[in-house]
Amino acid sequence: MTFSSLLSRILDLFNDRSVIKAKLICQFDKNSELEKSISYGEKNLNIDLSESDKNVTFTEHKETGNQLFLSGEYNKAFNEFKKALIVKRNAPETSIYYYNSLINNDIIKNQNSFTVAVIVPGKYKQIDSKSMLQGFAQAQQELYEAGGINGKYLKIAIFIDNDKREKAQQIACYIAEDSNILAVTGHWTSDVSLAAVPIYNANKILYISPISTTIKLSGYGDYIYRTNITNKSGSANLANYMKTKLQKTKVAIFYVKGVSYSEEIRSEFKKALGVNIFNKTYKIAEFDYQHLFEDVESKADEVAQEFIAKAKNKGAEVILLATDNARAEVARQIIQANAANNNEKLEIIGDLANLYQSSTLDLKKDAEGLVLAVSWHNNIDRCEKSDCDSNGANQNCSDFPNKAVCLWGGDVNFKAAMCYDAMKVIIEAIKKIEAENKEIDRQQIAKELKNNFLKNNFSAKGALGEITFSSNGDRKLKPYLVKVEYKGNEAQHESGYDFVPIESSSSVN
């Protein structure tokens, strides 16, 4: 037996085991609870409004649209969704239902469509879910306004997984049985994404992760891709910043034991520094703050001060915050505790996403100097809201963030950008299939994507320009480094502080 045939047999065995594993996962009782987590427009998943936003008029129009959609009265449903969007523009869930209604009504008129599933955490992470849907919805709207792909339009099925592994697996199994769904994008945390990918890969369904950064997705299978940066690339950029810009050698790493995202940043950061038994240049102190503030909420500031003191006692000059989403508030407590010691303030870097939000800017001067590695930053000239016409558009603003300002009435974040890019990749793959007069199905979409990027002739235009992939399914993308700085009246955030790019992003090989 030749080496190549042996390797092929090993891969076949691995694939066989993966298929068996996926089938075992999907042996569960399908119940009505799962159906409550799915909507094309027939039910309200409550993502558009926060708990404090009780817009009765908006809700009445939206839920009337849901009822009409359920009864198949699509021409009336899209009118109700449109009325809801007039009341509240920044409502991506409703926007998706509006275009799904238009598409369903067009199908009656002998038009056609293709369906993509998007999975978001839902009300559990309402702000994050809304950001993700902004990206998906913007791609859907742009394609519809452009006339679709030879008259074929994008229909979106929204799924809610509550950021739970078991729920994500149930959704993946449900999708596997619904051949009308051609591709999948979404899921929030890395651990939840990893729970679902064996099912997508075994069933040969193209899955593009827009948020997950875990290196465990890299090279997972022929059907798994991502548009976001990875823990490896982000950590390497932060390590390089510490070495070359800060010129520091002693770092305290705050991480969460048992959380793959956090542990990977910790590990990859150390690798990028070249930390090993032969390299004594860099000194590392490590703190697992998984239970840092449990049962001590009234003394949170004191506990954070204690950890800062421990880091200093270890000789730390820099703190790396490898925080997970669940403990982002804990990380902000550490930032505040560090800032309380003005004369002995340590430099703080990290993470890749969880601190990249307005609540960090709310810390104002306490967060000043914090450096993060991120996949996208809204740093170019943007349209003002007043520049948008009555239809929420501006012909002079053709790029992603400027269109978003007109569409949603304000800026969007990296989550929207990465989700937009994931959907644009799927759309581009379908365009190529349609241009070649081939049948559009799951296998063909994945085949088109794989074959073309290997030949270096596949790309899609996204929020950052051209989207291309490496052979392991990771996007060719170098992270941005951004720093919290005071910008005063020029700041986009009301605090007067902004995330300001300190290193340009570009594609990397």
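Alanine 328 is buried in this predicted model, because its relative accessible area is 3% and buried means under 20% (exposed is over 50%, partly exposed in between, with a 1.4 Å probe and protein chains only). Alanine 328 belongs to helix α12, residues 328-339. Helices here are DSSP runs of H or I with at least four residues, strands are runs of E with at least two, and both are numbered from the N terminus. Leaving aside neighbours within four places in sequence, alanine 328 is in contact with Thr323, Asn354, Leu355 and Gln357. Contact means heavy atoms within 4.5 Å. Leucine 355 is 27 residues away along the chain, and its C-alpha atom is separated from that of alanine 328 by 6.4 Å.

Residues are numbered from 1 along each chain as its sequence is written. Because the model is predicted, local features need pLDDT of at least 70 and side-chain atom pairs count only at pLDDT 80 or more, while totals for chains, interfaces and linings use all residues; side-chain values use heavy atoms, with hydrogens and water left out.

Asn354 and Gln357 also line the largest cavity. A cavity is a set of points on a 1 Å grid over the protein atoms alone where a 1.4 Å probe fits but cannot get out; lining residues have an atom within 4 Å of a point. Points are joined across faces, edges and corners, and the volume is the space filled by probe spheres set on them. The largest cavity has a volume of about 40 Å³. The count is 3 cavities of 30 Å³ or more. The lining divides into 3 nonpolar, 3 polar and 2 charged residues. Nonpolar covers Ala, Val, Leu, Ile, Met, Phe, Trp, Tyr, Cys and Pro; charged covers Asp, Glu, Lys and Arg; the others, Gly among them, are polar.

Next comes a helix pair. Helix α6 (residues 126-145) and helix α15 (residues 414-435) pack at an angle of about 35°, with axes 7 Å apart. Axes are lines fitted to C-alpha atoms over the stretch in contact, and angles run from 0 to 180 degrees between N-to-C directions. Asp128 of α6 and Lys415 of α15 are among the residues that make the contact. By class, the contact has 9 nonpolar, 4 polar and 5 charged residues.

Now the whole chain. The protein chain has 16 helices and 15 strands. Of its 509 residues, 55% count as buried.

Terms used
1 Å grid on protein atoms, 1.4 Å probe; cavity = no way out; pocket = protein on both sides within 12 Å on 5 of 7 lines; lining within 4 Å.
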